[in-house]
Amino acid sequence: MKTPKRLQSLLEEGLIDGVARQLMSGKEAMVFVVRCGDETRCAKVYKEATHRSFRQAVDYTENRKVKNSRQARAMAKGTRFGKEAQEAAWQSAEVDALYRLAAAGVRVPRPYNFHDGVLLMELVADEHGAAAPRLNDVELTPEQARAHHATLITEVVRMLCAGVVHGDLSEFNILLGADGPVIIDLPQAVDAAGNNHAQRMLLRDVANLRGFFGRFAPELLATDYGHEIWSLYQRGVLSPEVALTGRFEHRHRPADVQGVMREIDDARAEESARRLRLQTAG
Ligand SMILES: Nc1ncnc2c1ncn2[C@@H]1O[C@H](COP(=O)(O)OP(=O)(O)O)[C@@H](O)[C@H]1O
Ligand SMILES: [Mg+2]
């Protein structure tokens, strides 16, 4: 096909040798099948912010690290420079997440390059070499559903162990490649430790998996892997090897009033010690 404008510079730079066709255009990007030497790869062209909208909510960008304070101030004020910085942060977040997750052993498309707002990555293929279908487009037997669900729960655990919550995990963002499920579409991925919404997002991601695979294997609908995973993570004992049960007891423990009082006393003691030091110093 004729090379789309946004891919022209990649052609000129020799990063790609031609464009074969356009894959489905999603909400926030256009995805093309491209040729690189004798390999076929995939190019994700991010739409401009004005054509996106819904995922760029505050909770996703909270605590996203920016390089300097001028950039941070501009982003907060929404100046043009700020918008550009925000845009760049959004796009590179996906590249960062892909490298981080690949290193952690999560099955994601292998990233090759990020140039001019275009992410060049491995084309996830089915057993015939064609672009892999999304989970949403396939019918599964109960056995397949159980197996893929188990695989993906382990992937979610691996991601969390690498400090990442996907944030938009669903049957629309998982491809069924020749070697099994592959997780895609990560620009909104959040930092598990630094984001107040991480828990809620993780629970939603896991609930999406349960809802989808539960259609084929209804017994999955009774599981609660999300709370179990988050609780292990919070206690610092989550690892990809941990044996999960899919059950979680929601205990409503009485508040630990004594513990809180102890902490207040400690803080008071520390503060008077500090004042004493200041007095003697002055
Ligand atoms: N690496 C890939 N290999 C094969 N197909 C892909 C790949 N990345 C994206 N796609 C296809 O492009 C579609 C849109 O990509 P996605 O990353 O989900 O962007 P969007 O934000 O637009 O949803 C996907 O649903 C999938 O069909
Ligand atoms: Mg998508």
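The points below are grouped by topic.

This is a predicted model, in which local features need pLDDT of at least 70, side-chain atom pairs count only at pLDDT 80 or more, and totals for chains, interfaces and linings use all residues. Residues are numbered from 1 along each chain as its sequence is written, and side-chain values use heavy atoms, with hydrogens and water left out.

**Overall architecture**
- The chain has eight helices and nine strands; helices (H or I, at least four residues) and strands (E, at least two) are DSSP runs, numbered from the N terminus.
- Of its 282 residues, 42% count as buried, that is, under 20% relative accessible area with a 1.4 Å probe and protein chains only.
- Among contacts (heavy atoms within 4.5 Å) between residues at least 6 apart in sequence, 60% join residues at least 24 apart.

**The largest pocket**
- A pocket is an open set of points on a 1 Å grid over the protein atoms alone, with protein on both sides within 12 Å along at least five of seven lines; its lining residues have an atom within 4 Å of a point.
- The largest pocket has a volume of about 620 Å³, a volume being the space filled by probe spheres set on the points, which are joined across faces, edges and corners.
- Of the 30 residues that line this pocket, Met24, Val31, Arg134, Phe172 and Ile184 are the closest to its centre.
- Two or more lining residues come from each of strand E2 (29–36), strand E3 (39–46), helix H4 (80–103) and strand E5 (118–122), and E3 gives the most, with three.
- The lining divides into 18 nonpolar, three polar and nine charged residues; Ala, Val, Leu, Ile, Met, Phe, Trp, Tyr, Cys and Pro count as nonpolar, Asp, Glu, Lys and Arg as charged, and the others, Gly among them, as polar.

**Cavities**
- The structure holds two cavities of 30 Å³ or more, a cavity being a set of grid points where a 1.4 Å probe fits but cannot get out.
- The second largest cavity has a volume of about 40 Å³, and the residues lining it include Val156, His166, Leu202 and Asp205.
- Helix H5 (142–161), strand E6 (164–165) and H6 each supply at least two residues of that lining.

**Helices H6 and H7**
- The axes of helix H6 (residues 198–214) and helix H7 (residues 225–234) come within 8 Å and cross at roughly 145°; axes are lines fitted to C-alpha atoms over the stretch in contact, and angles run from 0 to 180 degrees between N-to-C directions.
- The contact is made by residues including Leu202 and Val206 of H6 and Ile229 and Trp230 of H7.
- By class, this contact has seven nonpolar, three polar and no charged residues.

Definitions and conventions:
Chains lettered and ligands numbered in written order. Buried < 20%, exposed > 50% of the residue type's maximum accessible area, 1.4 Å probe, protein only.
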